[in-house]
Amino acid sequence: MAERIDPILGFNFYISLVRTSSSLGKVLGNSPLESRLLSTDLVVAGGFSECSGLEGTLQVEEYSEGGENRYVHKFPTRMTYANIVLKRGITFSQDLWKWHYDYANGKGKRLDGVITLLDESQEPVQNWAFQGGLPLKWSGPTLNAAQSAVAVETLEIIHQGWKPLPASTALQAVGRSLKRVGNAIGGLL
């Protein structure tokens, strides 16, 4: 009898943002992730209630060949990537707002990021790394005294591309560290 393998559920994930000049740039260039990523380069880490935008589209250029009426040639040109949108309940941390606001004051810096998907036992199973993130839009919560909904902040990030990374030993260490950071942040609330 074969072992049943269910798809990974999409509600356990953590996100980390690091300085673009950090070792994550080397990950995106196919070099191994260095352990210093979690010590000196970590800028933001934690759980979010929603993450969307892991999407890439290959653009094509069409060429209509004279005398060929059955089809149009399509040649690949470049990839385009959707914006990554992060949503989380408002916390005491102002890190996302500060990153966005620093750009308004001319002091902003691009950040790279890793989105880590965890399985039911909280072990990393898949990672997506994006490069050169820039905080395009920050949205605060909708406040309504007639409702008891969670106050949610939203950050939309434009970036220079992403790629999936396997849950290797080094990346599993990243996921475990992020989980500890998330638990520590949750313990402060």
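This is a predicted model: local features need pLDDT of at least 70, side-chain atom pairs count only at pLDDT 80 or more; totals for chains, interfaces and linings use all residues.
## A nonpolar patch on β4 and β5

Strands β4 and β5 each supply at least two residues of a nonpolar surface patch, where strands (E, at least two residues) and helices (H or I, at least four) are DSSP runs numbered from the N terminus. The patch covers about 340 Å² and is made by L58, V60, M79 and Y81. Patches are built from residues that have over 30% relative accessible area and no salt bridge, with nonpolar side chains (Val, Leu, Ile, Met, Phe, Trp, Tyr) joined within 5 Å and like charges within 9 Å.

Residues are numbered from 1 along each chain as its sequence is written, and side-chain values use heavy atoms, with hydrogens and water left out.

## The chain as a whole

The secondary structure of the protein chain comes to 3 helices and 10 strands, and when these elements are read along the sequence they follow the pattern β-α-β-β-β-β-β-α-β-β-β-β-α. Of the 189 residues in the protein chain, 33% are buried. Among the contacts (heavy atoms within 4.5 Å) with a separation of 6 or more, 69% are made by residues 24 or more positions apart.

The accessible surface of the protein chain comes to about 11,600 Å², and carbon and sulfur atoms account for 53% of this surface. Such areas come from the Shrake-Rupley method with a 1.4 Å probe, and for residues only the protein chains shown count as cover.

## Salt bridges between strands

The structure holds 5 salt bridges, each being a side-chain nitrogen of Lys or Arg within 4 Å of a carboxyl oxygen of Asp or Glu. One of them joins the side chains of K74 and E62, with an N to O distance of 3.6 Å. This pair links distant parts of the chain, since K74 lies in strand β5 (residues 73-81) and E62 in strand β4 (residues 56-63), 12 residues apart. K74 is exposed, with a relative accessible area of 52%, and E62 is likewise exposed at 52%.

Another salt bridge is formed by E153 and R88, whose closest N and O atoms are 2.7 Å apart. Here too distant parts of the chain are linked, with E153 in strand β9 (residues 152-158) and R88 in strand β6 (residues 84-89), 65 residues apart. Both partners are covered by the protein: E153 is buried, with a relative accessible area of 5%, and R88 counts as buried at 7% relative accessibility.

## The surroundings of R88

R88, D95 and E153 are linked in a network of salt bridges. The side chain of R88 makes a polar contact of 2.5 Å with the side chain of D95, and a polar contact of 2.7 Å joins the side chains of R88 and E153. A polar contact is a pair of N or O atoms within 3.5 Å; within protein, one atom must be able to donate a hydrogen and the other to accept it, and residues adjacent in sequence count only if both atoms are side-chain atoms. Leaving out residues up to four places away in sequence, R88 touches several residues, including G47, F48, S93, L96 and A151.

K98 forms a salt bridge with D102, the closest N and O atoms being 3.2 Å apart. Because these two residues are 4 residues apart in helix α2 (residues 95-104), they are separated by about one helical turn. An α-helix has 3.6 residues a turn, so residues three or four places apart point the same way. K98 counts as partly exposed at 48% relative accessibility, whereas D102 is buried, with a relative accessible area of 17%.

In α2, the residues L96, W99 and D102 are buried. Seen down the axis of α2, its buried residues fall within an arc of 130 degrees, so they line one face of the helix; the arc is that of the directions from the helix axis to the C-beta atoms.

The helix α2 is followed by G106, whose phi is positive, near 75 degrees. G108 lies in the loop between α2 and β7 (111-118) and counts as partly exposed at 25% relative accessibility. When residues up to four places away in sequence are not counted, G108 touches D102 and Y103. The C-alpha atoms of G108 and L134, which are 26 residues apart along the chain, are separated by 8.5 Å.

Key
Buried means under 20% relative accessible area, exposed over 50%, partly exposed in between (1.4 Å probe, protein chains only).
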